[in-house]
Amino acid sequence: MAIVAIAAVGCASPEKMAEMAESVTVTCDPSPLEVVAGKIDATVSVTYPADYFHKKAILEVTPVIVFDGGEAAMTPFMYQGEKVKDNYTVVSSDGQTVTEKVHFDYVEGMEACHLELRGVVIYKARTWDLPIKKVADGANTTYMLVGLGGKAGHVAYKADNYQEVIPQTAEGQILYTINSADVRRKELKSESIKDFQAALDEIKANERKTLKGTEVVAYASPDGGESLNAKLSDKRSKSGAKAWSKVIGGREVADPEVKSVGQDWEGFQELVAKSDIEDKDLIIRVLSMYSDPAVRESEIKNMSEVYTVLKKEVLPELRRARFIANVEYQNYTAEELLKLVDENSDVLDEEALLRSASLVKDLDAKEAIYKKAVDKYNSDRAQFNLGVVYLEKGNLGKAEKAFAKVETKDADLKTAEGVIALRNGDLAAAQKAFAAAGDTENQAVVDILNGNYAKAAAALKGTNSFNEALADVLTGNLSAASAALKCNCPKSEYLRAIIAARQGNKAEVAAHLAKASECEALKARAEKDIEFAQCR
């Protein structure tokens with residue numbers, strides 16, 4: 001409450017309304033002033049005591065906000081004594097409290113301001129100026145931290161699919177004759193086995209590869225009955241396991257896990273799909289229509305011409321045992337990626353370029369990497385991320401052009417459109433875009449800017465974000481705000497300083513502001529912020 005004197009008690013004439021300034025009280029709510037949704041609204045109450053207001057006088061009171069760089073004045077409030085024949089608000093000579101709503105549009109600089117009342121007494125064509133009296137100091141703009149530096153709203157980068165460890169397999173196989181589980185000598189000398197042996201040697205020599213396990217997997221072709229083929233597959237798994245030592249040829253390789261699959265319908269479908277068989281679509285349709293192996297076999301055999309081709313070209317390839325080496329390939333580390341970006345980025349594929357861009361901090365470097373991914377791979381994700389870089393740089397024009405080239409019209413792109421609208425000050429368009437994207441966090445930013453703090457706090461609950469903490473501060477839930485702040489960045493330190501100030505902890509205010517001052521914009525803001533008025 002700001003208590004100020006405007007006039008004196010026991011006035012016998014209009015002159016004394018201007019001469020004395022002790023008996024009239026003024027209160028303002030809120031005090032300090034507060035900016036909400038770009039507006040400053042407050043309620044000012046003035047209590048005039050008995051015998052103060054001259055019955056034939058008129059009083060003109062003008063609320064004025066004075067700030068660094070200018071002032072803003074409202075249309076004056078007009079009051080009149082009991083015997084004035086006009087249409088102003090009558091103030092009784094017996095004493096009376098008048099309450100008015102004051103309203104100002106916020107302009108930059110008003111955070112360091114004060115609200116004052118300027119009064120003029122009018123009586124019989126003469127005027128007397130009342131002393132200028134301060135009503136409230138400062139205007140709280142804490143909610144504007146949501147868009148500090150013109151960066152309201154957030155658009156996440158598209159994720160890469162870079163694999164730090166890539167699972168790989170190397171394999172060879174031996175083929176069996178129909179209804180046989182005997183391993184033929186020529187099969188152990190086949191090109192497939194030779195390739196497998198070469199792969200084992202390469203795995204051992206390659207420091208990026210680690211052998212994680214081996215397998216022997218046996219199959220039977222899906223002809224001749226399910227029960228018979230199950231037994232045949234089991235026998236092949238045993239003979240294949242015995243052949244393992246000859247296949248690896250003395251190499252130090254772990255013993256394999258031995259498996260028997262039985263009828264190989266999966267391999268059958270795969271080979272048919274890759275073949276030039278005229279009716280392969282029909283065969284595949286039969287496989288999808290029937291799950292019973294016997295029915296499948298019967299239906300396929302009914303296609304006599306097709307079955308003849310299958311017996312010759314497909315079924316022999318399914319009488320087999322596979323020898324498998326499961327490998328983990330260590331991809332480029334973060335350090336290696338950063339080095340390659342500088343020295344030889346041409347060796348990096350799309351995913352590696354996207355991961356590299358995520359690792360660098362410098363926005364110009366990010367921009368260059370994303371441009372390379374766009375040029376080399378026509379990467380739609382890199383095109384989107386290029387727009388995000390421009391947003392972080394504060395270049396809305398370039399961001400808008402970059403997003404316009406993105407082909408994937410998804411929720412992320414809608415969010416980007418909303419953030420651009422938000423930063424252009426079009427809250428309605430931003431709200432519409434965020435709703436279409438299902439983006440509750442950015443919708444909460446609009447709610448904060450519109451003064452809907454409780455709604456924003458509810459939407460952001462559990463996100464453990466700066467904006468959640470800010471919404472909690474704005475709704476007076478300081479403990480929840482402290483718990484939500486997980487980052488130690490300057491912006492979070494600044495909000496911690498505000499929390500400490502509201503709790504009356506001056507030592508913590510100073511400590512947090514010292515860390516927040518790493519950001520020049522926050523350092524300058526703190527010097528004028530009414531939140532810290534009691535700590536200076």
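Two residues are taken to be in contact when heavy atoms of the pair lie within 4.5 Å. By this criterion, in the predicted model described here, 62% of the contacts in the protein chain between residues at least 6 apart in sequence join residues at least 24 apart. The secondary structure of the protein chain consists of 21 helices and 16 strands. Of its 536 residues, 47% are buried, and the accessible surface comes to about 27,300 Å², with 48% of that area belonging to carbon and sulfur atoms.

Lys 242 belongs to helix α3, which spans residues 226–248, and its relative accessibility of 70% places it among the exposed residues. With regard to charge, the protein chain carries 69 positive and 83 negative side chains, and the centres of these two sets lie 3 Å apart.

Gln 197, located in helix α2 (residues 191–205), counts as buried because its relative accessibility is 17%, and it touches Lys 246, Val 247 and Arg 251. Asn 140, located in strand β12 (residues 139–140), likewise counts as buried, its relative accessibility being 13%. The residues touched by Asn 140 are Leu 33, Glu 34 and Val 35, together with Arg 502, Ile 530 and Glu 531. The C-alpha atom of Asn 140 is separated by 8.8 Å from that of Val 36, although the two residues are 104 residues apart along the chain.

In α14 (residues 427–437), the buried positions include Ala 430, Ala 433, Phe 434 and Ala 437. These residues cover an arc of only 100 degrees around the axis, which puts them on the same side of α14. The face turned away from this buried side carries Ala 428, Lys 432 and Ala 436, which are exposed. Cover for the buried residues of α14 is provided by elements including α13 (411–423) and α15. After α14 comes Gly 438, with a positive phi near 70 degrees.

In helix α16 (residues 453–460), Tyr 453, Ala 456, Ala 457 and Leu 460 are buried. Viewed down the axis of α16, the buried residues fall within an arc of 100 degrees, and they therefore line one face of the helix. On the other side of α16, the exposed residues are Ala 454, Lys 455 and Ala 458. The elements covering the buried residues of α16 include strand β2 (33–36) as well as helices α15 (440–449) and α17 (466–474). Just after α16, Gly 462 adopts a positive phi of about 90 degrees. In the loop between α16 and α17 lies Asn 464, which is not a glycine but has a positive phi of about 50 degrees; with a relative accessible area of 42%, Asn 464 is partly exposed.

Further backbone features concern peptide geometry and phi. Most residues other than glycine have a negative phi, and most peptide bonds are trans. A positive phi in a residue other than glycine is found at Lys 124, where the value is near 50 degrees. Lys 124 lies in the loop between β9 (113–123) and β10 (126–129) and, at 67% relative accessibility, counts as exposed.

Conventions
Residues numbered from 1 in each chain as written. Predicted model: local features only at pLDDT ≥ 70, side-chain atom pairs only at ≥ 80, totals over all residues. Heavy atoms only, no water. Helix = DSSP H or I, 4+ residues; strand = E, 2+ residues; numbered from the N terminus. Buried < 20%, exposed > 50% of the residue type's maximum accessible area, 1.4 Å probe, protein only. Areas by Shrake-Rupley, 256 points an atom, 1.4 Å probe, with all protein chains shown as cover. Lys, Arg positive; Asp, Glu negative; His and termini not counted. Charge placed at Lys NZ, Arg CZ, Asp CG, Glu CD. Arc of directions from axis to C-beta. Lists of a residue's contacts leave out its neighbours within four places in sequence.
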